[in-house]
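Colleague: I'd like to learn how to read the features of a model like this one. Can you walk me through it?

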Amino acid sequence: MSALAEELRWTDATAQAALVAHGEVTPTELLDAAIERIERSNPALNAVVMEWFDHARSVAAGTELPRGPFRGVPFLLKDLYADFAGQTLSNGNAALKAAGRLASSDSTLVARFKAAGLVIAGRTNSPELGSLPTTQPLAWGPTRNPWAPERTPGGSSGGAAVAVATGMVPFAHASDGGGSIRIPASCCGIVGLKPSQGRITVGPVRAEAGLGVELCVSRSVRDTAGLLDAVRGPGVGDTVIAPEPQRSYVEEVGADPGRLRIGFLDAHPRGDFLHEDCRSAVRAAASMLEGLGHIVEPAWPSCLADSALVHRFMALWATQMALAARGIGATLGREVTAADMEPVNWALVEQAQRLTAVDYAAAQAAGWTFRRALQQWWADGWDLLLTPTVAEPPPLLSEFENDPALPTAPQRRAGRFAAFTPPFNMSGQPAISLPLYRNADGLPIGVQLAADYAREDILIRVASQLESAHPWSAAHPPIAG
């Protein structure tokens, strides 16, 4: 590997953009260094599943590369609902992969990534239709955790998390409909912010009123803040629009958060299934926050104990899966069958077909009730909630394998592992996973901080405070190339 590729491996996006702005490197040099690292690390990990290197080189060398805040920085898109004009998208589905449809236009967010000056070099692996907190689609094969290759990197943004954790690129596109930014950030030891619903448009095709939001996974809080500044804001016709921040999110990095009132959970309200390593991670983070002057108490919104929450979430999730299946059929020009989808997802499609319109409306209404009940806790005077990001260290990949005889088994396995993240998709609140802990085996275990709706500013201030007091930048996985 060239000296430049190795030198830049752990340089964050903000610093790489500064090198370009000061004329110390060119966008082409940054891209070629990233391509070297991808070609070196990816064969063992399977994080990047589509390579657009020739196209990216033409963009990097062109005179029309936008002079945005991240001009020349190499970037990767997740293989899920992120159209890039002239390139393919499979959504982790084998039938769509085989079809090879080329997108006719960019999604609004992809256009904003381009306007920020990012040089997009390919796509990262995602589970089929983003449905699981692991990344091992039949279409592309498993992505491996660089800390322990037999274990999951999390999902659904697992390919993105591995690419960032191993230094292939400094940050990468990620999305989150039930924890899919935060879970892989935890499993791979990096930063993952789920923005508020309506903070970033998901147009022009998808709806902001759904469970999913998009941004990135990164290695530094300032990179996450800078990209949020670059791409935030509504699009034409958006139905949910988060309030404008009082100032840029980059200005929140290093800003004094004041003395905050923080509640924490070191057990799950619905059962005693939290792994001791994750309990230790939360308690360590609580001590860190106390040491920084915050008031930290064992407290949490009582609605998190609602045992019906999982069933409401799954009713909405199953309906969205059925809609996605219809979209696959529209692309293929024929009716979709069980042969076109993985068993775990086809089971959700069949579940949705058993639901009535009234069932769906009831699930939505229950979700709105839950949203208000959860947000009320913050209205009652709390600033942040601290929880584990996941309920156990990264499981083995084999625990999520599709079995046609037991099609719902991966979803059941996922429900306990990812128990702490979906509530904030239902409530629309921002939440962040931070890499503050590793267990005795050296596996990263993230902790989650959740803020009131539209208060990403508080999350960024506290995350930056923790990053300064307890740096994680020197922790690199053993499999980095």
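This is a predicted model: local features need pLDDT of at least 70, side-chain atom pairs count only at pLDDT 80 or more; totals for chains, interfaces and linings use all residues.

Colleague: Which residues does the UniProt annotation "domain: Amidase" cover?

Modeller: In the UniProt record, an unreviewed entry, that annotation covers residues 29–457. UniProt positions are given in the numbering used here, feature names are shortened, and annotations may be inferred rather than shown by experiment. Over residues 29–457 the chain is 37% helix and 14% strand, with the end C-alpha atoms 34 Å apart. Helices (H or I, at least four residues) and strands (E, at least two) are DSSP runs, numbered from the N terminus.

Colleague: On to sheets. What is the strand order in the open sheet of three strands?

Modeller: The general idea is that strands of a sheet pair through backbone hydrogen bonds, either parallel or antiparallel. Here the order is β1-β3-β2, and the pairing is mixed. Two strands count as paired if DSSP finds at least two bridges between them. The edges are β1 (48–51) and β2 (74–78), each with a single partner strand, so one side of each has no neighbour in the sheet. From one strand to the next, the twist averages 40°. Such angles run from 0 to 180 degrees between N-to-C directions, and axes are lines fitted to C-alpha atoms, for helices over the stretch in contact.

Colleague: How many bridges link β2 and β3?

Modeller: Four, in the parallel sense, with β3 spanning residues 119–124. For one spot to look at, find proline 74, which stands opposite valine 119 in β3. Helix α4 (residues 53–61) lies across β1 and β3, and runs at about 160° to β3. Contact, by the way, means heavy atoms within 4.5 Å.

Colleague: And what order do the strands take in the open sheet of eight?

Modeller: That one reads β4-β6-β5-β10-β11-β9-β7-β8, again with mixed pairing. Its edge strands are β4 (171–176) and β8 (295–298), each pairing on one side only. Here the twist averages 25° from one strand to the next. Inside this sheet, β7 (residues 261–264) and β9 (residues 384–388) pair in the parallel sense over three bridges; glycine 263 has leucine 385 in β9 as its bridge partner. Helix α13 lies across β7, β9 and β11 (444–451), at about 120° to β9.

Colleague: Let's stay with α13. At what angle does α11 pack against α13?

Modeller: Two packed helices are described by the angle between their axes and the distance between the axes. For α11 (residues 309–332) and α13 (residues 357–379) the angle is about 130° and the axes are 9 Å apart. The two helices are therefore oblique to each other: angles under 35 degrees count as roughly parallel, over 145 as roughly antiparallel, 65 to 115 as roughly perpendicular and the rest as oblique. Leu309, Arg312, Ala315, Leu316 and Thr319 in α11 meet Tyr360, Ala363, Gln364, Ala366 and Phe370 in α13. By class, that contact of α11 with α13 has seven nonpolar, two polar and one charged residues. Ala, Val, Leu, Ile, Met, Phe, Trp, Tyr, Cys and Pro count as nonpolar, Asp, Glu, Lys and Arg as charged, and the others, Gly among them, as polar.

Colleague: How do α9 and α16 cross?

Modeller: The axes of α9 (residues 221–231) and α16 (residues 456–469) come within 9 Å and cross at roughly 160°, which makes α9 roughly antiparallel to α16. Val221, Ala225 and Leu228 in α9 meet Glu456, Ile460, Ala463, Ser464 and Glu467 in α16. The residues of this contact divide into five nonpolar, one polar and two charged.

Colleague: Now the backbone. Which residues does a cis peptide bond join?

Modeller: One joins glycine 155 and serine 156, with omega about 10°; serine 156 sits in the loop between β3 and α7 (158–165). Another joins glycine 203 and proline 204, also with omega about 10°, and proline 204 is in the loop between β5 (191–194) and β6 (213–218).

Colleague: What about the phi of asparagine 46?

Modeller: Phi there is near 60°, a positive value in a residue other than glycine. Asparagine 46 lies in the loop between α3 (27–45) and β1.

How values were computed:
Residues are numbered from 1 along each chain as its sequence is written. Side-chain values use heavy atoms; hydrogens and water are left out.
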